[in-house]
Amino acid sequence: MISVLDLTEQYLEIKNEIDRAISEVVRSGQFILGRFVEDFEKEVATYLKVKYAIGVASGTDALYLALLASGIKRGDEVITTPFTFFATAEVTSNIGAKPVFVDIEPKTFNINVEKIEKAITSRTKAIIPVHLFGHSSRMDKIMQAASKHNLKIVEDCAQSFGADYRGRKTGTIGDAGCFSFFPTKNLGAYGDGGMIVTSSDEIAEKVKLLRAHGSEKKYYHKILGYNSRLDAIQAAILKVKLKYIDIWNKKRAAVARKYRESIVNKDIVSPFEDKDSSHVYHQYTIRCPYRDNLKDYLAKEGISTMVYYPLSLHLQEAYKDLGYGAGSFPESEKAQKEVLSLPIYPELSDDNIKYISEKINSFRT
Ligand SMILES: *Cc1c(COP(=O)(O)O)cnc(C)c1O
């Protein structure tokens, strides 16, 4: 069976460095914050060309704390896409604010920037664009809407570490960028982890307080906060992996190019790449009107695939009170029926790419 993702191959390639990094942390006894986290934060800030990078416990917490630090509170409205992982909207609701969904553009699966304006009300305080599958949202239009209506922009970059939009890294264009180091992400830890990046002194200061019980000095608490820190062991692992991220992202793009060239089937739509965006292919997501049949057929041929995402957020049981229903966001609902993510990771072999492509080409409904 060809799996959608294989993390062991990558570990074996850099095993010595990783093992050394882990044992250095263990020997130092510096497990919570301290120099390993600081080193990694500095390197990410340099890599992304942003003033601050602050490690937190997960991508979800990064979004949650970034919204809080941006001043989002109970009763506010936050605009986002219904076609994303649940956490993107969940954090808004957990603050007591209301997620307001805007349909996606069919080509990139990202929020349709032409439809944002209509969703803005006097309560709208922020937009969370998601750079889904590793392809940037149209940040020019989003930043225009932000300055016109005085909105905060919190970028969900969980799937887009290293991706550019018009020469700038995703996460550094809005007020804050939120990254996830969940093991399967392009830059993945060996456990949970996340990061908020910002060039705002105010947001950075607030996030640093919020992640550590509202305290700068131990046992003196300025505000109520949380326990949401990036583990030192994870930071040390991530620091090793950061050195390879551009190589790995290029390898993903090469896998994508090979799929694009070799998959020729009139029932399959390949992923779109905008000239303004460098796609980092967290996922290689095709569309097929006979998606469920295709998925079953590929499974029988020994190829695993995934459906990201089978149910739009506005149709989730947890969100039935928001008042949306079937038909509210036709493009998102169409996507949930048609998308299929193929195996992709930097080490995926040419033989496997060829095999998968051939099987897809001989798929008949
Ligand atoms: C993975 C992911 C998150 C959540 O990150 P965690 O680290 O798992 O909390 C949020 N948004 C998107 C789009 C994601 O893919």
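These questions and answers concern the sheet and the helices of a predicted model.

Q: Which strands are the edge strands of the open sheet?
A: Seven strands make up the open sheet, with mixed pairing, in the order β1-β9-β8-β5-β4-β2-β3. An edge strand pairs on one side only. The edge strands are β1 (52-56) and β3 (98-101).

Q: Which residue of β8 is the bridge partner of Asp156?
A: Strands β5 (residues 152-156) and β8 (residues 176-180) run parallel and are joined by three bridges. For Asp156, the bridge partner in β8 is Cys178.

Q: What angle does the direction of helix α7 make with that of β5?
A: Helix α7 (residues 139-149) packs on the sheet, where it touches β4 and β5. Helix α4 (residues 59-69) lies across β1, β4, β5, β8 and β9, running at about 160 degrees to β8. For α7 and β5 the angle is about 150 degrees.

Q: Why is helix α9 largely enclosed by the rest of the structure?
A: Helix α9 spans residues 232-242. Its buried residues include Ala232, Ile237, Leu238 and Leu242, and also Gln234 and Lys241. Buried here means under 20% relative accessible area.

Q: Which helices do the buried residues of α9 pack against?
A: Val240 and Ala236 are among the buried residues of α9. The buried residues of this helix pack against α1 (8-13), α2 (15-28), α3 (35-48) and α10 (245-262).

How values were computed
Residues numbered from 1 in each chain as written. Predicted model: local features only at pLDDT ≥ 70, side-chain atom pairs only at ≥ 80, totals over all residues. Heavy atoms only, no water. Pairing = 2+ DSSP bridges. Helix = DSSP H or I, 4+ residues; strand = E, 2+ residues; numbered from the N terminus. Contact = heavy atoms within 4.5 Å. Axes fitted to C-alpha atoms, helices over the stretch in contact; angles between N-to-C directions. Buried < 20%, exposed > 50% of the residue type's maximum accessible area, 1.4 Å probe, protein only.
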